[in-house]
Structures are given as C-alpha cells and as structure tokens.
Amino acid sequence: MELQGTVKKITDVQTFASGFQKREMVILTQEQYPQPINIEFLQDKINLLDALKEGENVKVGINIRGREWVSPQGETKYFNSITGWRVEKVMDGGTGSEPTQASSQQSAAPVSNENPFAGDDDDDLPF
C-alpha cells in the first residue's frame with residue numbers, strides 16, 4: 001500500500017535495551033479532510049528519513065500490522081500499526097514518478113476519422 005502527503009514531523013531515533021531501533025514520521029494526507037498519519041520505520045529502514053524535511057511532499061510504501069493483546073482481566077484488545085518500508089519524494093504539482101495525464105496522451109497513437117476501407121475496390125464478399 002501507499003500513502004501520500006506532506007511531512008509534518010520526523011522524530012529522533014529511539015533505541016531500546018534490546019538494541020531494537022525505531023523512528024516515526026507523521027504525514028498529513030492531501031484530501032478534503034487531511035489526516036495526520038503516524039508511520040513507524042524500524043531497524044534498517046530508519047535511515048530512509050535522514051534526507052527528508054518537514055513540509056516536503058512524499059509517497060510512502062507501507063504495511064499495516066495488527067496484533068492481539070489479552071489484559072490481565074481477560075479482555076482482548078486489538079492494536080494496529082503502520083510500518084514504512086519505502087519513501088519517495090514527490091515533486092510539487094505532480095507525482096514525479098508517474099506520468100502525468102498530458103504526457104500519456106501525447107504518447108498515444110494519433111486518432112484518425114478517415115475510413116480505412118475507402119480505397120478498396122476489391123469486393124470479394126459473396127453477397
């Protein structure tokens with residue numbers, strides 16, 4: 001899956017006693033009601049955030065993870081997390097990596113309204 005938006009915040013690297021490392025980025029989606037989405041980058045993927053700055057437009061490859069937790073009282077709860085694995089800067093005014101509609105139309109074959117059979121004098125139809 002992919003999410004696209006503007007970088008709102010990038011956190012510092014968090015290192016835990018086990019050696020596990022995590023870094024988070026919040027992007028603000030670009031839709032009628034923008035949503036701040038927190039995305040985790042784990043272990044070797046934390047370096048993907050080094051070249052980014054707040055305010056830049058990005059497209060992020062994500063995985064959605066879910067887990068179940070049972071409380072000491074026996075109540076089951078479910079948690080979700082969004083994990084990033086790829087980040088691509090997006091040019092302002094376009095996606096940068098995908099062709100724009102105008103360029104894809106320019107590469108299409110020209111359309112002709114001429115009858116392709118107009119010059120055929122051979123009429124080999126049996127009726």
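These legends accompany a set of close-up views of one predicted protein model.

View 1. Welcome to the model as a whole. The protein has 127 residues, and 23% of them count as buried. Among contacts with a separation of 6 or more, 50% are between residues 24 or more positions apart. The accessible surface is about 9700 Å², and carbon and sulfur atoms make up 50% of that area.

**View 2. Strand β5 meets strand β1.** Here we look at β5, which covers residues 57–70, alongside β1, which covers residues 2–10. The two strands are antiparallel and are paired over five bridges. To find your place, look for Leu3, which has Val60 of β5 opposite.

**View 3. The hairpin of β5 and β6.** On to another partner of β5. Strand β6 takes in residues 76–89, runs antiparallel to β5 and is joined to β5 by 13 bridges. A handy landmark in this pairing is Gly66, standing opposite Asn80 in β6. Together β5 and β6 make a hairpin, with five residues between the two strands. In the turn sits Gly74, whose phi is positive, at about 90 degrees.

**View 4. The largest nonpolar core.** Now for a look inside. In soluble globular proteins, nonpolar side chains tend to be buried together. The largest nonpolar core of this model has 13 residues. Which of them touch the most other members? They are Met25, Ile39, Phe41 and Val60. The elements that each contribute two or more residues to this core are β1, β3 (21–29), β4 (36–42) and β5.

**View 5. The surroundings of Phe41.** This view stays with one of the core residues that touch the most other members, Phe41. Setting aside neighbours within four places in sequence, the contacts of Phe41 include Gln21, Lys22, Arg23 and Met25. Further along the chain, Phe41 is also in contact with Ile46, Leu48, Leu49 and Val60. Gly84, Trp85 and Val87 complete the list of its contacts.

View 6. Asn38 belongs to strand β4. Is this residue buried, partly exposed or exposed? Its relative accessible area is 35%, so Asn38 counts as partly exposed. Not counting residues up to four places away in sequence, Asn38 touches Glu24, Met25, Val26 and Ile82. Take a moment to find Ile82: this residue is 44 residues from Asn38 in sequence, yet their C-alpha atoms are 7.2 Å apart in space.

**View 7. Gln4 and Lys89.** Gln4 is part of strand β1. With a relative accessibility of 31%, Gln4 is partly exposed. How far apart are the C-alpha atoms of Gln4 and Lys89? The separation is 9.6 Å, although the two residues are 85 residues apart along the chain.

**View 8. The aromatic pair.** We finish with two rings. A search of the whole structure turns up one aromatic pair. Its partners are Phe16 and Phe20, with ring centres 5.9 Å apart. Their planes stand at 40 degrees to each other, and the pair is tilted. Phe16 has a relative accessible area of 39%, which means that this residue is partly exposed. Phe20 is partly exposed too, with a relative accessible area of 31%.

Definitions and conventions: Residues are numbered from 1 along each chain as its sequence is written. This is a predicted model: local features need pLDDT of at least 70, side-chain atom pairs count only at pLDDT 80 or more; totals for chains, interfaces and linings use all residues. Side-chain values use heavy atoms; hydrogens and water are left out. Two strands pair if DSSP finds at least two bridges between them. Helices (H or I, at least four residues) and strands (E, at least two) are DSSP runs, numbered from the N terminus. A nonpolar core is a set of buried Ala, Val, Leu, Ile, Met, Phe, Trp, Tyr and Cys residues joined through side-chain atoms within 4.5 Å. Buried means under 20% relative accessible area, exposed over 50%, partly exposed in between (1.4 Å probe, protein chains only). Contact means heavy atoms within 4.5 Å. Rings of Phe, Tyr and Trp (its six-membered ring) pair if their centres lie within 6.5 Å; planes under 30 degrees apart count as stacked, over 60 as edge-to-face and the rest as tilted. Accessible areas come from the Shrake-Rupley method with a 1.4 Å probe; for residues, only the protein chains shown count as cover.
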